[in-house]
Amino acid sequence: MITSGCYRDGGGVAGTAAPGSTPEQDLVTTTPAGVGQVDKVTWALYRGTTSIDPITAGDYPEITVTSLMCESLFRQAPDGSVEPGLATRLDFPDPKTAVLTLRKGVTFWDGSPMTAEDVAFSIERNRDPKGGGYWVPVLNRVTSVEASGPLEVTLKLKQADYWLRNVLSYMPGMVVSKGYVAAKGKDYGTVKGGAMCTGAFKLGQWRTGDVLSVVRNDAYWNRAESPLVRQIDFRGIPDEATLTAALLTGEVDGAYLELPLSTMEQIRAGGTVKVYHGPSYLIDALIVADVGKGTLSDVRVRRALSLAIDREAYIKTLYKDSARPARALGTPGTWGYEQQIFQSAWDGLPDPKTDLETARKLVQEAGATGKTVTFGMSNELNKLATEANLFKTAAEKIGLKARLKAVSTDAYSGFFLDAKARADVDGFFTTNYPNWADPGALYATLSLPGGPQDYGRYRNPAVADLLERARGTEDARQRAESTVQAQKIVTGDLPWIPIVAPDTVLVLNAKLTGATVSSQHLFAPWAGKLGAVG
């Protein structure tokens, strides 16, 4: 909660309306910068944080916290564009060589200078498959990393990789202290080992199962971006009623919500907080468990199911009008470059309106009438239960039979991790996102053989070729054109069925302002301008 500061009410939201916004609810990327100092802010996460090591920070709590403390070589801006960070530039003297020029004067929290050796070490940690990190696949074109000068790091590539700048704009590009990691070993990033990064906030108090605090780094190397908030306490609050009460009383000052609370109207009416909506990388979708077998192996059945979904009802029921029907997996919030190309391609895709008559005909043409579709779900999570029943109703309306395979919350992750678990279902649900604002970053994970989300064994050589071509193309316009060509094919094939594009939803104490309102909060310092309302 806020414990000091001088406040008066202020109104208005700064930022540019994002593609896909509606007159009723314009999306914004930022709230107005704070102007007053704040002693302490309490921030809610859906659970406690387990790691602050960038190589193992992959879920919302970990990345939301780590992105405040650890800086990346390039930085994602609130609008999805990528800017210089700890590196000022990335040059390609030839297609198989990438050279990073590092920023002068950067220091770690302990005052030691950030060196080229620290940078090379940090990238190599992410490349090491024995390190237990998540990001090995995104650096799979890098063959070596070398500190080639006091402020220079050279990466050798097995083939051209013009996604590399973007890859280095989130966790794989975060720089840690080589010496500190060597001293802490396997304890680095844990409660026992702590961390050593370069950011404007540093690790404060952290006890297992308790609050994790970050405190302002008063020796931050970038004096122009010194935070107004002295301390942020992160609390895991999984229970909706508890979070609602904490927001209404001011015990909790803010939260990014994966899903709007069922109590959103109560929260808005309470006057303690303001609710902001922004663009998001997120896509809510059904993953086809295996495009080569089962009832959903016929693309006509997949298209029929997509046409049968009542997306508007789903948005009102679950998202409280904070989402939009999705024409493709690469939603407007992911258009971080060449937006006109992506907008034109989006407009050219079919409008995902419910059409039961056409859907029934497709099922009949496929000879699938009366066949069973099994959806993996969990009754312990309201979103999954709501979504599964939405699909069950849709399937039954178009002549299919539907079965729900309910598992525990913990077991649900098995659909993503275990091919044997996926063998028992035709589809399961995901809220997914690319790690930077480019639809191609998401399509590659599910369309390239061996990709990190190659769950359904979707194979279309044309798609794979277009995405590999995009990754190897330096010209941004050509890269975008290859990506939208791949998108058109994927959207026709429907290895995943896009349902809705959720907003970023920020709930923030009315006395505070300055937090980002976009998916940038996952990967870059989102509280640098957070402070008291002027």
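Predicted model: local features only at pLDDT ≥ 70, side-chain atom pairs only at ≥ 80, totals over all residues.

1. Is β11 covered or left open on its faces? In a regular strand, side chains alternate between the two faces of the sheet. For β11 (residues 254–257), both faces are covered, with Gly254 and Tyr256 buried on one side and Ala255 and Leu257 buried on the other.

2. An open sheet is built from 6 strands with mixed pairing, and the strand order is β14-β18-β13-β17-β15-β16. The edge positions are taken by β14 (323–325) and β16 (401–406), and because each has a single partner strand, one side of each is left without a neighbour in the sheet. Neighbouring strands of this sheet are turned against each other by 30° on average, when direction is ignored.

3. Inside that sheet, β13 (residues 283–288) and β17 (residues 427–432) run antiparallel and are joined by 6 bridges, and Val288 stands opposite Gly427 of β17. Helix α7 (residues 299–308) packs on the sheet, where the helix touches β13, β15 (372–377) and β18 (496–502), and the direction of α7 makes about 25° with that of β18.

4. An open sheet of 4 strands has antiparallel pairing and the order β4-β5-β7-β6. Its edges are β4 (87–94) and β6 (142–149), each of which has a single partner strand, so one side of each is left without a neighbour in the sheet. From one strand to the next, the twist averages 20°.

5. Strands β4 and β5 (residues 97–102) of this sheet pair in the antiparallel sense over 5 bridges, with Asp94 standing opposite Thr97 of β5. Helix α2 (residues 116–127) packs on the sheet and touches β5, β6 and β7 (152–157), while the direction of α2 makes about 170° with that of β6.

6. Which cysteines are joined by a disulfide? The model has 1 disulfide, and this joins Cys70 to Cys197, with an S to S distance of 2.1 Å. The link between Cys70 and Cys197 is right-handed, with 65° about the S-S bond. Cys70 lies in the loop between α1 (60–69) and β2 (74–76), and Cys197 in the loop between α4 (178–184) and β8 (201–206), so that distant parts of the chain, 127 residues apart, are linked by the pair. Both Cys70 and Cys197 are buried.

7. With residues up to four places away in sequence left out, Thr49 touches Pro61, Glu62, Val65, Trp206 and Leu212.

Conventions: Residues numbered from 1 in each chain as written. Heavy atoms only, no water. Buried < 20%, exposed > 50% of the residue type's maximum accessible area, 1.4 Å probe, protein only. Helix = DSSP H or I, 4+ residues; strand = E, 2+ residues; numbered from the N terminus. Pairing = 2+ DSSP bridges. Axes fitted to C-alpha atoms, helices over the stretch in contact; angles between N-to-C directions. Contact = heavy atoms within 4.5 Å. Disulfide = S-S within 2.5 Å.
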